[in-house]
Amino acid sequence: MNMMSEAAVEKALDKKMNDISYKMIGKDVSVYYGDKRALYDVNLNVRQNTVTALIGPSGCGKSTFLRTLNRMNDTIEGCRVTGRITLDTDDIYDPNIDVVELRARVGMVFQKPNPFPKSIYENVAYGPRIHGLAKAKADMDAIVESSLQKAGLWNEVKDRLLEGGTGLSGGQQQRLCIARAVAVSPEVILMDEPCSALDPIATAKVEELIHELRANFTIVIVTHSMQQAARVSQRTAMFHLGNLVEENDTDKMFTNPDDQRTQDYIMGRFG
Amino acid sequence: MSISLLLLVVAVIGVAGYMVGSWRANALAGGRLSNLHSRPGYYGSFVAIWAMLPAIVVLLVWIVASPIYISSTVRAGFPEEVKATSQAEQNLGYNMIGAIARGMAMLSAEEREALFKDGTTARSLLATKGVPLAADPAPYMLKSADDLSRMSRASSTFLSILVVLAAAVGAFFSYRAIAPRFRARNRVEGVMLVGLIAASSIAILTTVGIVASMATEAIHFFNRVPAWEFFFGTVWDPRFAAAGSTDSSGQFGLIPLLAGTLYIGLVAMLVAVPVGLFAAIYMSEYASRHVRSVAKPLLEVLAGIPTIVYGFFALVTVGPFLRDLSEQLNGLVTGDYSNFIQAQSVLTAGFVMGIMLIPYVSSLSDDIITAVPRAMRDGSLGLGATRSETIKRVILPAALPGIVGALLMTASRAVGETMIVVLAAGVAARIQLNPFEPMTTVTVKIVSQLTGDLEFTSPQTLVAFALGITLFFITLCLNIYALYIVRKYREQYE
């Protein structure tokens, strides 16, 4: 670094700045559940093809923020969102936006594996089918196979695609749910503590998968595990009591955070 | 002492036992409740239970056993010529003795003496005391009545002493048993458990009793009429025997009744299932909490309307409306203003019964749809499915086995429904397919065979029990099958 001229450093930084493209931009996002306020003016941007981890103690609003990104909060009665969230250039809370279309672009994987009580094949084919992504049976077969492959599940289930999805192990079920989300070809995948119901081996597989998915998708993941955030993410955002405390590169966040509260949380002093 | 007074005394002893028991427990605790095994209230309850329970058992046994003993003793004292008469005559006599004994208790000593000197005045004398006799009593009756009233009085006194003694002894010994480490809580809860078991076995035993009583009568019927004629006969014509003749037993074919029952049930389900199911889907998936809190109870009010009221509705409103409607339609199309829908018809009964069944379908299905885990909805919505796609493709398939179970239970209600069909379906037992014509059902025929002044032993009456047990069997099978399906469905999630 010392060898470079000041101008060269400037140029490198500029280039780096230019490389960043924001997939989703949240500006002054606040969420209310009835009279109770859950998020306070959160400004958080999600970078393209990056894994962004949301961390913080329970009840800090990280899951709430995640759910605002594909408007899953709409299904909760009495929930109100203010502020502005854009996906590329579209304001997702614009009345003209079709929430169904939005959720096809911003997929979601839940805390507990929730395969439908249908066959493995039908679980994966569910999304493409309702969005009309495949015309012929062969197209659908191809989508199902490639989705299961992307989710690293193909080799384990290729011989029993017609068996029930609920018969798989917990880790397999969660990867099936990821395959189900991937099958719709979303741009962003939201994951709400995807490994909290899994054993360490299944967790390792899902984490590896998240790494690989980054090449094609933008990922936002809520996690309670510091190690997981450190392992899978490039950017980390720390929430506390409904406020965004700090958002930074993961490496910096876990070695030299800007905010004392982040330091305390990561060191295990609260939360 | 009268029984109610006796019960009151036992209750007072029980309450006193409770207070004394908890007071003693408190005293033993010496200010530190942790010294006791159980809280003081349990010691009190323990004493109260042992004061009341044995006393009440003694009371019940005595109430049952004492009249039997007294009756057999008094009858043993009857003169030989009375004993030689038939059992029914002896019963009559004994009833009269009972009445005399009741009357004697109200007489003064002089009146009693006068009565024993001259038995012929008994009827008029007792009548003045408000005890009417059917005839002048035979001489032996006065003596027997005297025995009876004496024994009754003795029995009553003895009972009072025994019950109070049982309560006191129970209270005393349970009070003595109180000690700091005595496990009163476990004992009290043990007694409660026995009470709960007794309550649930009453329900089960009642069912068994009902089946047994129906089965005995049905067997009498099948002794007169061959079973295959009943189950496979296609003609229902239970001609009532003309006075004196014995051979005209009529034909008791079940098939026309069963056909009517199933046909009307089918029409009812055609009305109730779509409406109820759609209402359930709206209530569970679309309605806001506010709408739901108002609409659901309103819908369930329908379930609280007595079925006889639905019967009126069918008879007075729906039936004539359909008849007039068909008249007008027929007139408009053919110019011939005659109705093709009868006021009493399969359609009328089925339609009104369907309305009655809507709340059952909707309420049961609503519970089942709501029981589908929220994760299923979120998973589907998160993939960009609309609400209706989520319902059609995820929630209904997941809930389907449960809904089918609910529908089967509803169907068994439709089969057993009585009052609506009595008023709206008609009484003509025939096999036909036109829903605008009257048909009749098993339940209607049970009512009509049992309400009449036929003797109870004729096949015309006994057939009601055969019909009843058939109906019971059908609904039982439907319910068991429904439970089986519902249970299978439950296993899917856990």
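## A hairpin in chain A

Strands β9 and β10 of chain A make a hairpin with two residues between them, and in its turn A:L241 has a positive phi of about 50°. This is a feature of a predicted model. Strand β9 covers residues 235-240 of chain A and strand β10 covers residues 243-249; six bridges join them in the antiparallel sense. One of the facing pairs sets A:F239 opposite A:L244 in β10(A).

## The antiparallel sheet of chain A

Chain A also holds an open sheet of four strands, ordered β2-β1-β4-β5, with antiparallel pairing. At its edges are β2 (36-47) and β5 (90-91) of chain A, each of which pairs on one side only.

Within this sheet, strand β1 (residues 22-33) of chain A is joined to β2(A) by eight bridges, in the antiparallel sense. Two partners in β2(A) can be named: A:N45 is the bridge partner of A:I25, and A:V42 is that of A:V29. β1(A) and β2(A) form a hairpin with two residues between the strands, where A:G34 takes a positive phi near 65°.

## A buried strand in chain A

How many residues of strand β8 (residues 218-222) of chain A are buried? Five of the five are, so the strand is largely enclosed by the rest of the structure. The cover extends to both faces of β8(A): on one side A:T218, A:V220 and A:V222 are buried, and on the other A:I219 and A:I221. In a regular strand the side chains alternate between the two faces of the sheet.

β8(A) has parallel pairings with two strands. With strand β3 (residues 51-55) of chain A, β8(A) pairs in the parallel sense over four bridges, and A:T52 stands opposite A:V220. Strand β7 (residues 188-192) of chain A runs parallel to β8(A) and is joined to it by five bridges; here A:V188 has A:T218 as its bridge partner.

## Overall form of chain B

Chain B contains 18 helices and two strands. Its radius of gyration is 33 Å, well over the 23 Å that the globule rule gives for 494 residues, so chain B is more spread out than a compact globule. The C-alpha trace of chain B spans about 90 × 85 × 40 Å along its principal axes.

Of the 494 residues in chain B, 34% are buried. Among contacts in chain B between residues at least 6 apart in sequence, 74% join residues at least 24 apart.

## Annotated regions of chain B

An unreviewed UniProt entry lists residues 258-482 of chain B as "domain: ABC transmembrane type-1". Over these residues the chain is 79% helix and 0% strand, and the end C-alpha atoms are 21 Å apart.

The unreviewed UniProt entry also places the feature "transmembrane region" at several spans of chain B, including 43-70, 254-280, 301-321 and 462-486. In the model, residues 254-280 of chain B are 96% helix and 0% strand, with end C-alpha atoms 36 Å apart. Residues 301-321 of chain B are 90% helix and 0% strand, and their end C-alpha atoms lie 24 Å apart.

## Nonpolar cores

The largest nonpolar core has 148 residues, of which B:I264, B:A349, B:V352, B:V361 and B:I420 touch the most other members. Which helix of chain B gives the most to this core? Helix α13 (residues 346-371) of chain B does, with 15 residues. Leaving aside neighbours within four places in sequence, B:A349 is in contact with B:I264, B:A314, B:I420, B:V421, B:A424 and B:A425. Another core lies apart from the largest one; its 22 residues include B:Y18, B:L36, B:W50 and B:A166.

## Where chain B meets chain A

Between the two chains, 16 residues of chain B are in contact with 23 residues of chain A. On the side of chain B that touches chain A, the elements that give two or more residues are α14 (374-382) and α15 (387-416) of chain B. The largest share, six residues, comes from α14(B). By class, this side of chain B has seven nonpolar, six polar and three charged residues.

Notes. Residues are numbered from 1 along each chain as its sequence is written. Chains are lettered from A and ligands numbered from 1 in the order in which they are written. This is a predicted model: local features need pLDDT of at least 70, side-chain atom pairs count only at pLDDT 80 or more; totals for chains, interfaces and linings use all residues. UniProt positions are given in the numbering used here, feature names are shortened, and annotations may be inferred rather than shown by experiment. Two residues are in contact if their C-beta atoms, placed from the backbone, lie within 7 Å. Ala, Val, Leu, Ile, Met, Phe, Trp, Tyr, Cys and Pro count as nonpolar, Asp, Glu, Lys and Arg as charged, and the others, Gly among them, as polar. The radius of gyration is taken over C-alpha atoms; the globule rule is 2.2 Å times the number of residues to the power 0.38. A residue is buried if 20 or more other C-beta atoms lie within 10 Å of its own, exposed if 12 or fewer, and partly exposed in between; C-beta atoms are placed from the backbone. A nonpolar core is a set of buried Ala, Val, Leu, Ile, Met, Phe, Trp, Tyr and Cys residues joined through C-beta atoms within 7 Å. Two strands pair if DSSP finds at least two bridges between them.
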